[in-house]
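Trainee: I would like to learn how to read a model like this one, feature by feature. Where do we start?

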Amino acid sequence: MPDIAANLTSLRNRIPALVKIVAVSKTKPASDILEAYNCGQRIFGENRVTEILRKKDQLPSDISWHMIGHLQTNKVKAIVPFVSMIQSVDSYRLLVTVDAESLKNQRITDCLLQVHIAEEETKTGFSPEELATVLDSSGFRQLKNIRICGLMGMATYTSDLEQVRKEFLFLSDCFNDLKNKYFSDDPDFREISMGMSGDYKIAIEEGSTMIRVGSLIFGERNKNHSDNA
Ligand SMILES: *Cc1c(COP(=O)(O)O)cnc(C)c1O
């Protein structure tokens, strides 16, 4: 049995205080989440809509739920009423849907734009060129019920840590370019969500403001469970 409290404390002690921890609780029971909650953890990341819906009803209402997995437009409606942040916005169509559902709920939903930084084709996300096209478009400027809080990325699954570092640096550069060009007056555009259990140290060295850590806190996951929703 992993000691969730000890894992969380030791992770906190190893990172700068300003870096936020998203505790990735996918596949783990509500009781594990509560254990982390009781150590003060409030931000939890999930990658499946059905799982997030099931768990949130069993857990304290002041938890900040972050959607971190690929999100289908027809499932946006279910999470918009309560989700704190959608980190995995990977298409313009999804952004438009989140905006429309947020308007219906009379709220503004915090979003990160997911950038494709890995070599693997299977990972989703915008290319920097696609991002520029979206941000330049007049349609984008009409979306009033989303708040773009920054970027999210997932590095290649590899033991080549120099490769991983290069990809994180790429995301940081991309963030700085967009900040200068589109968000220079916008204090909300401030997050770079990158780094997981195996690479969070490198991610922080390359400018991460938010790490998404699962197995290091909760223990290994069941390998049969797909990491993509
Ligand atoms: C599962 C997952 C994580 C956490 O992975 P660990 O290696 O267990 O820390 C982070 N980000 C995303 C998008 C994930 O799907």
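Mentor: Start with contacts, meaning heavy atoms within 4.5 Å. In the protein, residues 24 or more positions apart account for 60% of the contacts with a separation of 6 or more. Keep in mind that this is a predicted model, where local features need pLDDT of at least 70, side-chain atom pairs count only at pLDDT 80 or more, and totals for chains, interfaces and linings use all residues. Residues are numbered from 1 along each chain as its sequence is written, and side-chain values use heavy atoms, with hydrogens and water left out.

Trainee: How many helices and strands does the protein have?

Mentor: Helices (H or I, at least four residues) and strands (E, at least two) are DSSP runs, numbered from the N terminus. Here the protein has ten helices and eight strands.

Trainee: What radius of gyration would a compact globule with 229 residues have, and what does the protein have?

Mentor: The radius is taken over C-alpha atoms, and the globule rule is 2.2 Å times the number of residues to the power 0.38. For 229 residues the rule gives a value near 17 Å, and the protein agrees because its own radius is 17 Å. The C-alpha trace spans about 50 × 40 × 35 Å along its principal axes.

Trainee: Is E46 buried or exposed?

Mentor: Buried means under 20% relative accessible area, exposed over 50%, and partly exposed in between, with a 1.4 Å probe and protein chains only. E46 has 0% relative accessibility, so it counts as buried. Of the 229 residues in the protein, 49% are buried. By contrast, A6 in helix α1 (residues 4–14) is partly exposed, because its relative accessible area is 37%.

Trainee: Which side chains does E46 join by a polar contact?

Mentor: A polar contact is a pair of N or O atoms within 3.5 Å; within protein, one must be able to donate a hydrogen and the other to accept it, and residues adjacent in sequence count only if both atoms are side-chain atoms. E46, in strand β2 (residues 43–46), has such a contact with the side chain of S25 at 2.7 Å and with that of K55 at 2.8 Å. Leaving out residues up to four places away in sequence, E46 also touches others, including K26, W65 and H66.

Trainee: Where does S208 lie?

Mentor: S208 is in the loop between α9 (200–205) and β8 (210–213). It counts as buried because its relative accessibility is 6%. Its side chain reaches the backbone oxygen of M210 at 3.1 Å. Beyond neighbours within four places in sequence, S208 contacts V19, I192, M194 and A203.

Trainee: How many residues surround the ligand, and which are the closest?

Mentor: A residue is near a molecule if one of its heavy atoms lies within 4 Å of it. Twelve residues surround the ligand, and the closest are K26, S197, G214, S215 and R221. An N or O atom in the side chain of K26 is 2.6 Å from a ligand oxygen. Polar backbone atoms do this too: one of G214 is 2.8 Å from an oxygen atom of the ligand, and a backbone N or O atom of S215 lies 2.8 Å from a ligand oxygen.

Trainee: How much of the ligand's accessible area does the protein cover?

Mentor: Accessible areas come from the Shrake-Rupley method with a 1.4 Å probe; for residues, only the protein chains shown count as cover. On its own the ligand has 390 Å² of accessible area, and the protein covers 94% of that.
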